[in-house]
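My notes follow in the order I took them.

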Amino acid sequence: MYKYLKENRLKVLLIPLILYWIVLFIATSLPSTPYVDVFEISDKLKHFSAYLILAVLLGLNLHFQEKWERVSKFFLSYTFIICIFYGLIDEIHQIFVPNRTGEFLDWVADLIGTLLGILIIKLFLGLIKDKTTQIETT
């Protein structure tokens with residue numbers, strides 16, 4: 001699977017990341033409506049989930065990219081920095097969107113989602129690298 005992700009990064013990782021980030025930006029740029037949420041999902045859970053997914057997609061892209069060796073080597077740190085900075089900018093941006101607010105606790109939910117996303121990437125890559133190593137040695 002590791003080899004597959006590396007060879008097909010554009011269609012499997014990069015395009016989904018770009019599309020997801022566009023949808024995320026649009027969703028946070030739309031004015032909030034005063035209706036009741038049909039799914040009754042906590043706002044913090046939405047932030048947590050959104051940034052968990054963003055961190056996983058971004059982190060895998062940074063790991064498998066080949067243009068900048070330093071970024072590939074420290075992809076988890078870059079993922080953390082980019083996601084947290086984007087979350088902060090997004091919270092500030094929402095202050096200027098009608099019926100939305102920029103909240104510190106939303107940013108904390110972004111941070112926690114990012115951290116769990118990074119942990120998932122680390123575990124996932126560890127698993128698929130171990131399997132790749134086992135296959136190559138047999």
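**Entry 1: His47**

I started with His47, which sits in helix α3, residues 43-64. Helices here are DSSP runs of H or I with at least four residues, strands are runs of E with at least two, and both are numbered from the N terminus. The model is predicted, so I note its limits: local features need pLDDT of at least 70, side-chain atom pairs count only at pLDDT 80 or more, and totals for chains, interfaces and linings use all residues. Residues are numbered from 1 along each chain as its sequence is written, and side-chain values use heavy atoms, with hydrogens and water left out.

Is His47 buried or exposed? His47 is buried, because its relative accessible area is 9%. The cut-offs are under 20% for buried, over 50% for exposed and partly exposed in between, with a 1.4 Å probe and protein chains only.

I then looked for a partner. The side chains of His47 and Asp106 make a polar contact of 3.3 Å. Such a contact is a pair of N or O atoms within 3.5 Å; within protein, one must be able to donate a hydrogen and the other to accept it, and residues adjacent in sequence count only if both atoms are side-chain atoms. Beyond four places in sequence, His47 is in contact with Glu91, Gln94, Asp106, Ala109 and Asp110. Contact means heavy atoms within 4.5 Å.

I checked the span of α3. Its 22 residues reach 32 Å from first C-alpha to last, close to the 32 Å expected at 1.5 Å a residue. The expected span is 1.5 Å times one less than the number of residues. Ser42 caps the N-terminal end of α3, with a side-chain oxygen 3.1 Å from the backbone nitrogen of Lys44.

Which residues touch the most other members of the largest nonpolar core? They are Leu54, Leu60, Phe64 and Leu125, out of 24 residues in that core. The elements giving it two or more residues are α1 (2-7), α2 (9-29), α3, α5 (75-95) and α6 (104-137). α3 gives the most, with eleven residues. A nonpolar core is a set of buried Ala, Val, Leu, Ile, Met, Phe, Trp, Tyr and Cys residues joined through side-chain atoms within 4.5 Å. In soluble globular proteins, nonpolar side chains tend to be buried together.

Leaving out residues up to four places away in sequence, Leu60 touches Leu13, Ile121, Phe124 and Leu125.

**Entry 2: the whole chain**

I counted six helices and zero strands. Of the 138 residues, 33% count as buried. Among contacts with a separation of 6 or more, 77% are between residues 24 or more positions apart. The accessible surface is about 9,100 Å², and 72% of this belongs to carbon and sulfur atoms. Areas come from the Shrake-Rupley method with a 1.4 Å probe; for residues, only the protein chains shown count as cover.

**Entry 3: aromatic rings**

I searched the whole structure and found four aromatic pairs. Tyr2 and Phe64 form a tilted pair, 5.0 Å centre to centre with 55° between the planes. This pair links distant parts of the chain: Tyr2 is in α1 and Phe64 in α3, 62 residues apart. Both Tyr2 and Phe64 are buried. Rings of Phe, Tyr and Trp (its six-membered ring) pair if their centres lie within 6.5 Å; planes under 30 degrees apart are stacked, over 60 edge-to-face and the rest tilted.

Phe104 and Trp107 also form a tilted pair, at 6.0 Å and 40°. They are about one helical turn apart, because three residues separate their positions in α6. Phe104 counts as exposed at 59% relative accessibility, and Trp107 is partly exposed at 21%. Trp21, Tyr51 and Tyr86 form one aromatic cluster.

Asn99 lies in the loop between α5 and α6. Its phi is positive, about 65°, although it is not a glycine. Asn99 is exposed, with a relative accessible area of 61%.

Last, I looked at Met1, in the segment before α1. Met1 is exposed at 60%. Met1 and Leu127 are 126 residues apart in sequence and 10.0 Å apart in space, C-alpha to C-alpha. Beyond four places in sequence, Met1 is in contact with Phe124 and Ile128.
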